[in-house]
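Hi there,

Here is the structure I promised to pass on. Have a look at it, and then read my notes on the aromatic side chains below.

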Amino acid sequence: MTVTRTSPTAESERPKPTTPATAMRLIVPLQGVVQGRGGLILGSLIPCALFYFLQFYLKRHRSPNPSSDPPSPSTSSSNLAELTRTSSRSNLSSRGSFGPVRVSSRASSIAKPDDSAYYIGLNKVQEDPYHRTNNPGGIIQLGLSESSLCLDLIEKWVSENLTDSILGTDSGDLSISGIAAYKPLDGMTEMKVAMASFMSRVIGKAVSFDPSQILLTAGATPAIEILSFCLADHGNAFLVPTPYYPGFDRDIRWRTGIELIPVHCRSTDNFIFSKTALDQAFNQARKRGVKVRAILICNPANPVGNILPRETLYDLLDFAREKNIHIISDEIYGGSIFGSDEFVSMAEILDSEEVDKNRVHIIYGLSKDLSLPGFRVGVIYSYNDSVLSAAKKLTRFSSVSTLTQRLLISMLSDTRFIQEYFETNKRRVKEIRDSFLAGLKQLGIRCSENNAGLYCWADMSALIPSYSEKGELELWDKLLNIAKINVTPGSACHCIEPGWFRCCFASLSQEDIPVVIERIRKVAETCKSLS
Amino acid sequence: MKLLSRKATCNSHGQGSSYFLGWQEYEKNPYDEVKNPKGIIQMGLAENQLSFVLLESWLAENPDAAGFKRDGQSIFRELALFQDYHGLPAFKQALVEFMSEVRGNKVTFDPSNLVLAAGATSANETLMFCLAEPGEAFLLPTPYYPGFDRDLKWRTEVEIVPIQCTSSNSFQITETALEDAYQLAQKRNLKVKGVLVTNPSNPLGTTMTRAELKLLLNFISVKNIHLISDEIYSGTVFSSPGFISIMEILKESNCENTEVWNRVHIVYSLSKDLGLPGFRVGAIYSNDDMVVAAATKMSSFGLVSSQTQYLLSAMLSDKQFTKNYISENQKRLKQRHKKLVSGLEKSGISCLKSNAGLFCWVDMRHLLSSKTFEAEMELWKKIVYDVKLNISPGSSCHCSEPGWFRVCFANMSEETLKLSMQRLKAFVDSAATTNQSNKISRRKSLIKWVFRLSFDDRETIHGDR
């Protein structure tokens, strides 16, 4: 029987000795073994055995998980370091990490301190919030998209209409059993009816919304998560045009395991997606083996603040039909329109066209249009019975307080009040927006065309030290820590062009605007002198 | 076809369970004293309506709380914009103090370890997300609240492995049962992450004994796993032996700086004690920083309305009110419980001796045609459709023995309860007479058969068959 020698290279590869001399010492005897009787078997066994022993040795002596030494709190005011840091600050607890049993992996990733500029900024403001008289040196909040411009109107309505509305005094005496008891967890019928007619007036215009297609949730945040759980499995993906609301990265990805695939848009198109971009993103996902289940749009857009034109919505429907995917249209800013362009809801498109409605779902809520984020009222509106049926069962984890529903049933049904509110709101928001934009213009900062939302999308690319994400974040850091204003950098919104910032103005008063502009001016001057 | 996700189309939500089917039947034909006196009486909903009048009088005397006013000043603006997932500090403080009071002030809670959620449903699910990976398991003693199958398993993909308890020792947890459950999980290749108990128990209505609590603590210590104590019914304990919270045992055993301290978590809610399920107020209490941090962020998906937080912070800070409420509520529950027990006795039905909860664990084993779950279903259907009472069958609670039912008593008026007992008695009496006549006819046929035999008329016998 001829003994074929296993090649020396194969033998020398396996044990991976440290020096050539040692290698020779191993190979020569092995060759001898191979050349001898039964050599082939032993000749291959021994290197294999050596190999396995080496692996075993390495495994046993692998260095333990690097213990996360508590990083010392940064003395410098820079927040840049936080963005790249990976160790969890929550391990600071002296109890340390005892064993493998503490929390799930999803919990540990969620518990980690936020690494998005969006959240870091919000947290910083909480630590040192600006107040005109009590804390004039504090950080001015321009990173939270909410409005306090018309809360006085709501406050007045509440004080005039409270008792009857709160406790449902149909019978004239206080009766808590009407609201305290278990009510349908997807919302009381009267609430759905009131919400449907409210939505019809505010975002539907000619179109009426059907109360039986409404599910109520504790805010738009759970509405989006619940819908995501119904439309996609772990590992599937949604296409999302950029720039997009940073909260989506949390709300959709955290617990569902769904991936968000950006569809990049450019300023030359006013950040409106093109069919080509959609196709490209879809095909790239398919190549990677990732199944796209839906496309998520925000209309009016956040952070850009523009309204998607009708044609774009038709294109979107075509695309969704072609690829057989769902459309999630987040229309939470549908009532915050102050420009000349008209807002067209997906509901309006579906009403006028003979299209397959089963793939369209609308998200809404009262946090932006009615300035009531604290009350936690969100809506899932769907044309698909199966989705409604599944999502309805999930609303039990995020129901609206009946106490709040009672109040809102009365408020939303007061058509006269609602009309007055929206007229005044439009006027006040436009006033503040115009002042703010004028102020920015003085500094040479222009904003993209916007007709809706509570923010503007400002182009500060002239001020950034380098035309890159790094440069943008450097400016952001300066604005936050030196100018002490919190704005949201485009990179937190996945914008592909550096230098864009979202500035929310609806919680400012006219007096605050010159202060903000002055602070930006100081930083802008230092940036210009450097460039 | 626009396909839905696997989760949306599977059955993990457990909606097909008889627990929910009974509700559906009730909704189709609900009893109303005036409008529908022949309708189905709801005895499957654990709701506390007995103390509403106390809440109403407080609200009438304190209009500011519901009016978004603090010390006469309007704080509407502040509340309208408040969406901090750390919760309203005044509310968390008032809530932990209330929790302490319910436990006889034997333990105190730190508000920074409390995370708010939209009801205990949301709190339980969030804890599962925080403590277990998909595919891992929690051990639960049977019988347990049917809702857990949905709340703990559905979106989290966590498994439940039952700890079988039996009537031989009033369904108490034993060491053997714990070990058996653990082994069962291992056999099914499931990694056990913890034990979840409801104390006071739903559906049993009993408080856990000191021995049981110590046993649990020891078990989780040895196995290095978590313990979740759902104490949602802690304020409904109306008679001795009284409520002992797991926190008390931890304190007594000087566990404060030990490993186990971080692995015990409590779930609470105001849905049962205060009778306010519609307000959606739940909470997670944990000594583990990471659990608190993760759960806090996850609570974004189920924040409590600021309006509700404020109203309740004012109510629960009124110590006079809370003291009076707790004792009055317990008194009323005790009375009502007695009425149900005596009503059942009149029908010859007994229940497990209980001292808490809004329901009784009723023993109807003697009414079963056979000692099987099929017979239990048969009986249940008769009670829902013929007797027109919606009660919850033990099988829906995963009870290991057929014939037990959960019957609620606190969600209806006294008259309705009386009526339900009358209906039940009528049913039991008629069932007895049918049995009697069945027995007699059986005896008759037996005599006939013996008679024939004695005449040795084989052919006739064969012919009769």
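**Aromatic rings**

Tyr118(A), Tyr119(A), Tyr244(A), Tyr245(A) and Phe248(A) come together as one aromatic cluster. Please keep in mind that this is a predicted model, where local features need pLDDT of at least 70, side-chain atom pairs count only at pLDDT 80 or more, and totals for chains, interfaces and linings use all residues. Residues are numbered from 1 along each chain as its sequence is written, chains are lettered from A and ligands numbered from 1 in the order in which they are written, and side-chain values use heavy atoms, with hydrogens and water left out.

Over all chains there are 30 aromatic pairs (ring centres of Phe, Tyr or Trp, the last by its six-membered ring, within 6.5 Å; planes under 30 degrees apart are stacked, over 60 edge-to-face, the rest tilted). One of them is Phe375(A) with Phe68(B): the centres are 5.9 Å apart and the planes at 20°, so this pair is stacked. It crosses between chains, from Phe375(A) in chain A to Phe68(B) in chain B. Phe375(A) is buried at 0% relative accessible area (buried means under 20%, exposed over 50%, partly exposed in between, with a 1.4 Å probe and protein chains only), and Phe68(B) is buried too, at 2%.

Trp457(A) and Trp500(A) are also stacked, 5.8 Å centre to centre with 10° between the planes. Both Trp457(A) and Trp500(A) are buried.

**Charges over rings**

In chain B, the charged end of Arg103(B) sits over the ring of Tyr268(B), 5.9 Å from its centre (NZ of Lys or CZ of Arg within 6 Å of the ring centre and within 35 degrees of the ring normal). Lys223(B) does likewise over Tyr182(B), at 4.4 Å.

Best wishes

Conventions
Helices (H or I, at least four residues) and strands (E, at least two) are DSSP runs, numbered from the N terminus.
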